[in-house]
Amino acid sequence: MAETKNWRLALPLAELEKLQVKMVRIASKQIALFNTPEGIKACDNRCPHEGYPLSEGSLSQDCILTCNWHNWKFDLVSGENLLGGDRLRTYPVEIRENEIWVDITELPYPERFSAITNSLHDAFDDYSYDRIAREIARLIRLGADPFDVLRLAIEWSWQKMEFGWTHAYAGMADWLVLYDEHRDDNELQLVCLVEAVSHVAYDVLREQDYAFTTEATAFDEAAFLNDIETENEDAAIAAIRGGIRDNLQFDDFEPALTRAALAHYNSFGHALIYLTKAKSLIGRLGRVAMEPLLLSLVRGFIYASREDKIPEFRGYAAQLQNWGQDSGQKPDARQWRRQSINKSMQVTVACSANPPETIYQALLLANAINLLSFDIAQQDKVQVTVSGNVGWLDFTHGLTFANAVRKQCSRYPDLWPQALLQMACFNGRNAGFTNTEIDLENWKSDDLDQQMNHLLDRVMDHGQGEHIVSVHLLKTALAVREEIAILGISDAEILVAALTRFFDSPIKRRQARRTAHQSLQFVSKE
Ligand code: FES
């Protein structure tokens, strides 16, 4: 079928020859016409950067158009961006009987989609937040599937995460939850997409590819778990590839992944948190996302530090053996209050004859109380050892890990002992950095639902410069919202109060003096 062109009369030729530059309106477009040494040229008048008029720009003899607002430069013949970011749309021009005609035909969808995604890729590689936002907005205006931008962000990043998953993928899963909740607000939906994509872009900025093996072997759970345990990345990756090749679904991998995530106190619980987010993301983005997300997740499991092997947590293995040798103690969050790691695990084992869900709730509450009573003065202490480098984000993991524990152990109840002891480890790790007094009254809310909505509204315009902070606000808020749904009102009040305190307190993200102090101490012993 012949392509239908949309030629429009723009201006008498004589008028442009007199003015040299002229902005005309055609349909709903502003088009800038230039009389150049290479002929009449037409382009969008609105600069693709911030929309200032290119008809006020400067044109060189070799047809380079400079937007004078921020000095972006464009090849006016091709539209290529020579300095700055986004491409400039140019239009075919014809002279017919001393009149300038411009073809404003839209390019076919595939070409426009490809042009925008190429530009988005450039913006992604440059970690250009505003440009990422514009390109995603263009894709949505084009009618593209908004989730394609997330799939592309994964495609562009998964091999660049040297040690596997980061909070960026976890955050993507959580931003998608909010995306779904704002179906009637395209601005807020764009926030979710841009925050998700830009965090990924930030985490792989200037990273090279760290290739995965392309081998594929039949998936066998026991062998896979052994590969993770022995840190044999190639074998574990090959097993996942083989499983996908053999058409296994996420559910088929989930038991092994959950066991692997809980086999140790892995990276302070991140392995399990990420697993639940992988499940959520794959569920939303489809099977196409499964291979990159699972391979990167498994790489993260391989590289995870096994905290239960360091002296502080070494009692974990023995306490796991003791599980069931309880003293009939009833779980109560107060029993874990300001207890050491070992004592926290002892208390947990002492309660182990109780239904795991009741121990879980008490430990969840204990971790929430820690967040509610974190001694903020710790942030300003200079003369502390590295073990004192504990901050707000460490405390939030007590809750986000708990949230992941409940989800996974509900499906695989034999894993409750590991998970509960690891929650106890979290409690013991953080409890020493809490105040003796709990300032519940100051942080309590009368209406928990209203307060949760308020905090999640704040996430949508969080104002944080660091993705790692905003994503912790987001994931902690979502975890708390899910957990309070199963708690009694007085316990739920504590979780929401703890979350509110986290949102409203100063977060010190750089310890310049402490780092200098610790470095001098360290080097003096070399
Ligand atoms: S508006 Fe043109 S370069 Fe900024």
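Predicted model: local features only at pLDDT ≥ 70, side-chain atom pairs only at ≥ 80, totals over all residues.
Residues are numbered from 1 along each chain as its sequence is written, and side-chain values use heavy atoms, with hydrogens and water left out.

**Entry on the sheet.** I looked up the strands next; helices (H or I, at least four residues) and strands (E, at least two) are DSSP runs, numbered from the N terminus. Two strands pair if DSSP finds at least two bridges between them. I found an open sheet of four strands in the order E2-E3-E4-E9, paired antiparallel. E2 and strand E9 (90-91) are at the edges with a single partner strand each, so one side of each has no neighbour in the sheet.

I then followed the pairings one by one. Strand E2 (residues 21-26) runs antiparallel to strand E3 (residues 29-36), and six bridges join them. Arg-25 has Gln-30 in E3 as its bridge partner, and Ile-26 has Lys-29 in E3. Two residues lie between the strands in this hairpin of E2 and E3, where Ala-27 takes a positive phi near 55 degrees. Between E3 and strand E4 (residues 39-44) I found six bridges in the antiparallel sense, and a hairpin that joins E3 to E4 through two residues. Here Leu-33 stands opposite Ala-42 in E4, and Ile-31 has Asp-44 in E4 as its bridge partner.

**Entry on the helix pairs.** For the angles I used axes that are lines fitted to C-alpha atoms, for helices over the stretch in contact, with angles running from 0 to 180 degrees between N-to-C directions. The axes of helix H15 (residues 392-411) and helix H16 (residues 416-431) come within 10 Å and cross at roughly 170 degrees. That makes H15 roughly antiparallel to H16, a term for angles over 145 degrees, whereas those under 35 count as roughly parallel, 65 to 115 as roughly perpendicular and the rest as oblique. The contact (heavy atoms within 4.5 Å) includes Phe-401 and Val-405 of H15 and Trp-416 and Phe-426 of H16.

I looked up a second pair, helix H19 (residues 467-484) and helix H20 (residues 489-504), whose axes come within 10 Å and cross at roughly 170 degrees. That makes H19 roughly antiparallel to H20. Among the residues that meet are Leu-473 and Val-480 in H19 and Leu-495 and Phe-502 in H20.

**Entry on the rings.** I noted 22 aromatic pairs from a search of the whole structure; rings of Phe, Tyr and Trp (its six-membered ring) pair if their centres lie within 6.5 Å, and planes under 30 degrees apart count as stacked, over 60 as edge-to-face and the rest as tilted. Tyr-265 and Phe-426 form an edge-to-face pair, 5.4 Å centre to centre with 90 degrees between the planes. Tyr-265 lies in the loop between helix H9 (250-262) and helix H10 (270-285) and Phe-426 in helix H16, so the pair ties together parts 161 residues apart in sequence.
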